[in-house]
Amino acid sequence: MTDLRSVVLAGGGTGGHIYPLLAFADCLRRHDPDIRITCLGSAKGLENEIIPAAGYDLRQVPAYQLPRSVNVDLVKTGPRMIRSMRACRAVLDEVAADAVVGFGGYVAVPGYLAAWRRKTPIVIHEVNVPPGVANKLGMRFTDHVAVGFEHQPQLVPSLADARVVGVPLRRSLTSLDRAARRAEACAHFGLDPNRPTVFVYGGSQGARAINLAMAGAAKAITAAGCQVLHIIGARNEPVEIPTDLPAPYVTLPFLSEMELGYAAADLLLSRGGAMTVAEATALGVPAIYVPLPYGNGEQRRNALPVVEAGGGMIVDNADLTAQWIETNLLPLLRDPARISAMSTAAAGYGRRDGDEALRAFTLEAVAKGAGQ
């Protein structure tokens, strides 16, 4: 097996890039506590709050948004990218990097360029359709491309030869026995373990449409004997949840122990981000997905294969109302047989070994690089 002594991980800006990076870093460290792990980040990215707190070395390098059209920023891109690439090259040289593994975000671009110039093996992990701008550029410099889901190579010609490895997830999730920890999770949140529970989660920023629809349906849900664990979103405007409800309705701005949320849940109501889909299916949690109504439609493409496999439902953002929840979500939540069947289908689609599979793929790439 190739000796992997030092790895540089590139990915930042959003949780969708940072959390799989951290899960992969944890996997590398489990196998080799002495491995050197260095993360690239920008000065303004979310990675500054998350990566150092997780115990990993974060090096800030200049990172710039790539222009999508011909404008004044396009003229500036060349000099800016050279400056960023040189900063990354200095980091790679300092830590004697054996490989660069990128997860997307603008900071990944100079990392890929520096690795290419240094002849350091590059591995790219992509979870979206279409691929993000940074990874799309990086794919010009390497054949070692991994993806999170089976549908990606089928939909994107440039990913046709990519390796499907799954999505690296935190060990706290992949080791979770939901049934065994349900009572503990419900006690943690002040929920009743004997009531059907819907877990509402709009992503790290929350989702106002989901929040408003749930607030409107709160009385009907709790009157039917069901309960709610609702993550509002730390940066979202607060919503008014009725008081004096007949069953628990717990709201939180943010939840770091997501494993407890999933353990308490019978059904998930969420956006369709790649990380959310990967987590819910890995844990066998049936979900109603509400894809973002803007962008390039990747959230619908993330969720659709799960729905086709029988592990979830999709509702358009514009159709999600309190009435829709009462008419569609509530009967599902009160149907244990259907919930069980959807849970089995979701688990059949998901996988828990994305971190290990990506590590094996990285070792292959390094071995091929050493043989050239």
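Student: Which residue in strand 9 is the bridge partner of Thr-197?
Tutor: Thr-197 has Gln-227 as its bridge partner in strand 9. Before we go on, this is a predicted model, where local features need pLDDT of at least 70 and side-chain atom pairs count only at pLDDT 80 or more, while totals for chains, interfaces and linings use all residues. Residues are numbered from 1 along each chain as its sequence is written, and side-chain values use heavy atoms, with hydrogens and water left out.

Student: OK. How many bridges join strand 8 to strand 9?
Tutor: There are 5 of them, joining residues 197–201 of strand 8 to residues 227–231 of strand 9, and the two strands run parallel. Strands here are DSSP runs of E with at least two residues, helices are runs of H or I with at least four residues, and both are numbered from the N terminus. Two strands pair if DSSP finds at least two bridges between them.

Student: What order do the strands of the sheet come in?
Tutor: The order is 10-9-8-11-12-13, an open sheet of 6 strands with parallel pairing. At the edges sit strand 10 (249–252) and strand 13 (312–314), each pairing on one side only. From one strand to the next, the twist averages 15°.

Student: And which strands does helix 12 lie across?
Tutor: Helix 12 (residues 298–308) lies across strand 12 (287–289) and strand 13, and runs at about 135° to strand 13. For the angle, axes are lines fitted to C-alpha atoms, for helices over the stretch in contact (heavy atoms within 4.5 Å). Angles run from 0 to 180 degrees between N-to-C directions.

Student: New topic: how many salt bridges does the structure hold?
Tutor: It holds 15. A salt bridge is a side-chain nitrogen of Lys or Arg within 4 Å of a carboxyl oxygen of Asp or Glu. One of them links Asp-93 and Arg-89, with the closest N and O atoms 3.2 Å apart.

Student: Why can those two reach each other?
Tutor: Asp-93 and Arg-89 are 4 residues apart in helix 3 (residues 72–95), so about one helical turn separates them. An α-helix has 3.6 residues a turn, so residues three or four places apart point the same way.

Student: Where do Glu-184 and Arg-181 lie?
Tutor: Both are in helix 8 (residues 178–189), 3 residues apart, about one turn of the helix.

Student: Which residues of helix 1 are buried?
Tutor: Cys-27 is one of them, and others include Gly-15, Ile-18 and Phe-24. Cys-27 has a relative accessibility of 0%.

Definitions and conventions
Buried means under 20% relative accessible area, exposed over 50%, partly exposed in between (1.4 Å probe, protein chains only).
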